[in-house]
Amino acid sequence: MSRRIAILPGDGIGPEVVGPACEVLSAAARQAGEDWTLEIAPIGGAAIDETGVPLPRQTLSLCQRSDAILLGAVGGPKWADVPVAKRPEAGLLRLRSELEVFANLRPIRILPALAHQSPLRPDLLDKVDMLVVRELTGGIYFGKQEESDEAASDLCSYTAPEIRRVVRRAASFAQQRSGRLTLVDKANVLATSRLWRRVTQELIDQEFPDVDLSFEYVDAAAMHLITNPSRFDVIVTENLFGDILTDEASVLGGSLGMLPSASLGETSRGLYEPIHGSAPDIAGQNKANPFGAILSTAMLIRLSLGHDALATEVEQAVAKCVAAGECTADIGGSLGTREAGAAMLERFRPRRQAA
């Protein structure tokens with residue numbers, strides 16, 4: 001089967017972590033016996049430097065014609081003085097909007113070998129395995145802005161259809177897991193949160209009666225992510241809350257560099273990226289952790305290309321590398337980005353070839 005995967009290396013450490021991830025994709029394609037074409041295109045600051053805009057027309061066209069998109073990271077101080085609407089991040093926001101990938105999936109799993117890297121006690125990490133489903137194309141990040149020297153405002157708005165489609169995705173994942181779904185909001189203060197509660201409750205009652213729905217205020221959820229993280233299974237929430245909570249949850253596993261993400265719409269096409277930023281302070285130094293990007297490719301292989309077993313083998317190879325200390329310094333290893341990627345690839349390939 002022929003598939004096209006758009007590769008958007010981006011800025012900072014983006015190209016460094018995308019490189020090993022592309023090697024994993026190529027190896028996985030060989031093991032699947034399929035033809036996966038990887039096509040590279042610029043986005044973010046790199047695209048500004050090359051074309052003058054953060055999301056060139058050719059890049060968007062490639063993404064729209066692809067079965068999946070793998071992204072490194074965008075942004076950095078080099079483009080801090082660029083107008084907000086033309087900054088690297090604006091290209092990413094537009095790409096998400098144009099592709100209509102409204103559900104951002106961020107799994108939080110604790111590898112036993114990394115428990116000592118977490119700021120939490122090991123007993124608090126036992127059985128932590130959650131999925132945060134963040135609404136991605138609405139809310140305050142896409143609302144009208146007004147700004148002057150003395151005042152500023154950002155409009156947060158949601159519609160019932162926007163809420164239904166992301167909650168439907170989250171509930172479907174909850175059905176495949178424990179059947180528990182938590183809506184995180186601030187319904188005691190925000191009108192948008194009250195709409196989220198009403199629409200979510202109605203949808204679950206009508207379409208997912210087997211899903212156990214609970215509600216939690218965002219401030220309480222932030223506390224419980226630290227004091228009792230295993231209480232959560234699937235969380236669904238709005239754009240801003242999801243952005244903040246998943247960065248908080250990332251420290252549970254010891255490093256932001258370990259966390260993957262997938263952004264999905266109504267189809268199987270998805271946008272996949274590690275949740276870390278461009279980290280310009282370590283760019284070009286072979287220090288970045290490639291495992292977040294590699295685990296994002298595992299999600300790509302599973303959710304967009306339909307190879308669940310192959311994706312699981314990628315994840316297992318990463319876990320074995322971490323357990324053996326074959327990893328970067330942020331999670332206790334001594335390898336560089338390229339060397340950690342190569343070690344993972346060695347643990348992934350032999351088993352598949354032997355089969």
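**Helix pair H8 and H9**

H8 and H9 are roughly parallel to each other, because the angle between them is about 15 degrees and anything under 35 degrees counts as roughly parallel. I am working from a predicted model here. H8 covers residues 218-227 and H9 covers residues 239-250, and I noted their axes as 10 Å apart. The crossing of this pair, H8 with H9, is right-handed.

Next I listed who makes the contact. From H8 I have Val218, Ala221, Ala222, Leu225 and Ile226; H9 puts in Phe241, Leu245, Glu248 and Ala249. Sorted by class, the contact of H8 with H9 comes out as eight nonpolar residues, one charged and no polar.

**Helix pair H6 and H7**

Then I turned to H6 (residues 160-176) and H7 (residues 191-207). Their angle is about 50 degrees, with the axes 9 Å apart, so I wrote these two down as oblique to each other. The crossing of H6 and H7 is right-handed.

On the H6 side, the contact is made by Ala160, Ile163, Arg164, Val166, Val167, Arg168 and Ala171. On the H7 side I found Leu195, Trp196, Val199, Thr200, Leu203, Ile204 and Glu207. The classes for H6 with H7 are ten nonpolar, one polar and three charged residues.

**Ser178**

Where does Ser178 sit? I found Ser178 in the loop between H6 and strand S8 (180-185). With a relative accessible area of 43%, Ser178 is partly exposed. I then checked what its side chain touches. The Ser178 side chain makes a polar contact with the side chain of Asp233 at 2.7 Å, and it also reaches the backbone nitrogen of Arg180 at 3.3 Å. I looked up one distance as well: Ser178 and Glu147 are 31 residues apart in sequence, and their C-alpha atoms are 45 Å apart in space.

**Ser296**

My last stop was Ser296, in helix H10 (residues 291-303). Is Ser296 buried or exposed? Its relative accessibility is 0%, so Ser296 counts as buried. A polar atom of the Ser296 side chain lies 3.5 Å from the backbone nitrogen of Ser261. Which residues is Ser296 in contact with, leaving aside its neighbours within four places in sequence? I got Leu70, Pro260, Ser261, Tyr272, Glu273 and Pro274.

How values were computed:
Residues numbered from 1 in each chain as written. Predicted model: local features only at pLDDT ≥ 70, side-chain atom pairs only at ≥ 80, totals over all residues. Heavy atoms only, no water. Axes fitted to C-alpha atoms, helices over the stretch in contact; angles between N-to-C directions. Helix = DSSP H or I, 4+ residues; strand = E, 2+ residues; numbered from the N terminus. Parallel < 35°, antiparallel > 145°, perpendicular 65-115°, else oblique. Left-handed = near helix turned anticlockwise from the far one by under 90°. Contact = heavy atoms within 4.5 Å. Nonpolar A, V, L, I, M, F, W, Y, C, P; charged D, E, K, R; others polar. Buried < 20%, exposed > 50% of the residue type's maximum accessible area, 1.4 Å probe, protein only. Polar contact = N/O pair within 3.5 Å; in protein donor to acceptor, adjacent residues only side chain to side chain.
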